Amino acid sequence: MWLRAEGEAEFATAAAPEWVAEWVSRRRGPSTGPATNAADKSRVSIEAIDDAEAAADPKADARAATARERSRIEREASIANGLDELDIWLGDQLDGALAAFPAKASAACRVMAQRLFDAKAPGLALRVDTLPTRLFVLPAPARPTAAITELAMLHLLAAAYRRQADLADPLSQDVRQMVGWNITRAALLDDDGALRISDTWRVWATRSETQPDKLRRIETWLQGSDRPAVLVEYVPVAAGVSAGVYAIGDTFDAELVFYPSSVPLRAQIAEQTGSTMPSDAPLNLPAENLASAYGRYEDALIAKPWLGEFPVMFRAARLRTSGENIYLDDETICLPVAKSQADAVWPLLQLENIDGAGLWDGNEFTLFWAETILGRWTA
């Protein structure tokens, strides 16, 4: 190509060699061009013959299954070694005094996260790697207590993984997914025991964040007739994609299939019927106050101790201030609103009651949707 660009050699256009055409056809699938004659069909490359023989080999599936099982066993052993290293690391943090842990969390967590990545436990590694970020967004006095909670959760996950046989299947699936075992979309759709719900779904929140592993996590939160769901996509940061395919307020009819979990939230679209349409109708919120909605969170936390964020939908609550902090209050329970939303939710402080939906992570509430007397507010 360099010679061609410099004009040092003459190149003439010619037909592609037969082996190139055959290779391209195998890569692209069945050809839509004109059919070849019998003489052309009889000339097959050695690679094509090998592919056909491999497909017809009755022992190929057995060999592949054996290889997958061997790989699974090797990974289980690697994860077990990684969990042993995690136990030692947790013990070292205890010996070094947890009050001092937040100050050294970045360096300590980076080393441990890399060991867990090497041990083929990417889910656990990512949780360790992002632990300093979750601590530093909190006020300094709250960090030592939060550190105890975070490290205790890591210990709980490691202990639960070792005792999978003693856990109910949904909880065991939660543990494996937290550690890093993924369920492919194809496997989920082929699972006859997976929870499937056909409904009209409304998009009420979208969020995008960049992970330390150079992937962008895109969440789309949905509300059906009586339950929430979340679609999660992972795209490389280099791809330049920063948002999902749905916008807040979109409505569509679809069958969702949920990942196995003791608290099913994450789902995949099995089949969408019709097109996605924007809607100005109010969000279908449950007829319950903030205290009742928070009770749902507590029930879910009992079922899944490493729950993370959980959707909270409420009616007739009010935003109030106390010092520099903003709270969502209904006279029975009071939830602190995320400090990053202080400017965005400030106009809502002038209103009386609002109906809305948001995410509670155990420390702060992020408001995404509010129905007010002046109309809809979205984050």
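This is a predicted model: local features need pLDDT of at least 70, side-chain atom pairs count only at pLDDT 80 or more; totals for chains, interfaces and linings use all residues.
Good morning. I begin with a group of aromatic residues: ring pairs link Y294, Y297, F310 and W360 into a cluster.

The chain contains 13 helices and 11 strands. Of its 379 residues, 36% are buried. The accessible surface of the chain amounts to about 21,800 Å², and carbon and sulfur atoms account for 55% of that surface. If we consider contacts in the chain between residues at least 6 apart in sequence, 60% of them join residues at least 24 apart.

I now turn to the aromatic residues in more detail. How many aromatic pairs does the structure hold? There are nine aromatic pairs. One of them is formed by W204 and W221, a tilted pair with 6.0 Å from centre to centre and 45° between the planes. This pair links distant parts of the chain, since W204 belongs to strand β1 and W221 to strand β2 (residues 215-223), 17 residues apart. Are these two tryptophans buried or exposed? W204 is buried, with a relative accessible area of 0%, and W221 is buried as well, at 5%.

Y297 lies in helix α12 (residues 290-303) and F310 in strand β6 (residues 310-322), so the pair ties together parts that are 13 residues apart in sequence. Y297 is buried, with a relative accessible area of 6%; F310 is buried too, with a value of 9%.

Next, the strands. Strand β4 (residues 250-258) is mostly covered, as seven of its nine residues are buried. Which strands pair with β4? Strand β1 (residues 196-210) pairs with β4 in the antiparallel sense, over seven bridges. Within that pairing, R202 has T251 of β4 as its bridge partner. Strand β5 (residues 266-278) also runs antiparallel to β4, and eight bridges join the two. Here D250 stands opposite P278 in β5.

R266 lies over the face of Y259, at 4.3 Å from the ring centre. The charged end of R176 sits over the ring of W181, 4.5 Å from its centre.

Where does Q164 lie? Q164 is found in the loop between α9 (143-162) and α10 (169-179). Leaving aside residues up to four places away in sequence, Q164 touches S172 and R176. Q164 is buried, with a relative accessible area of 17%, and the cut-off for that term is under 20%.

I close with the cysteines. How many disulfides are counted? The count comes to zero disulfides.

Thank you for your attention.

Notes
Residues are numbered from 1 along each chain as its sequence is written. Side-chain values use heavy atoms; hydrogens and water are left out. Helices (H or I, at least four residues) and strands (E, at least two) are DSSP runs, numbered from the N terminus. Buried means under 20% relative accessible area, exposed over 50%, partly exposed in between (1.4 Å probe, protein chains only). Contact means heavy atoms within 4.5 Å. Two strands pair if DSSP finds at least two bridges between them. A disulfide is a pair of cysteine sulfur atoms within 2.5 Å. Accessible areas come from the Shrake-Rupley method with a 1.4 Å probe; for residues, only the protein chains shown count as cover. Rings of Phe, Tyr and Trp (its six-membered ring) pair if their centres lie within 6.5 Å; planes under 30 degrees apart count as stacked, over 60 as edge-to-face and the rest as tilted. A charge sits over a ring if NZ of Lys or CZ of Arg is within 6 Å of the ring centre and within 35 degrees of the ring normal.
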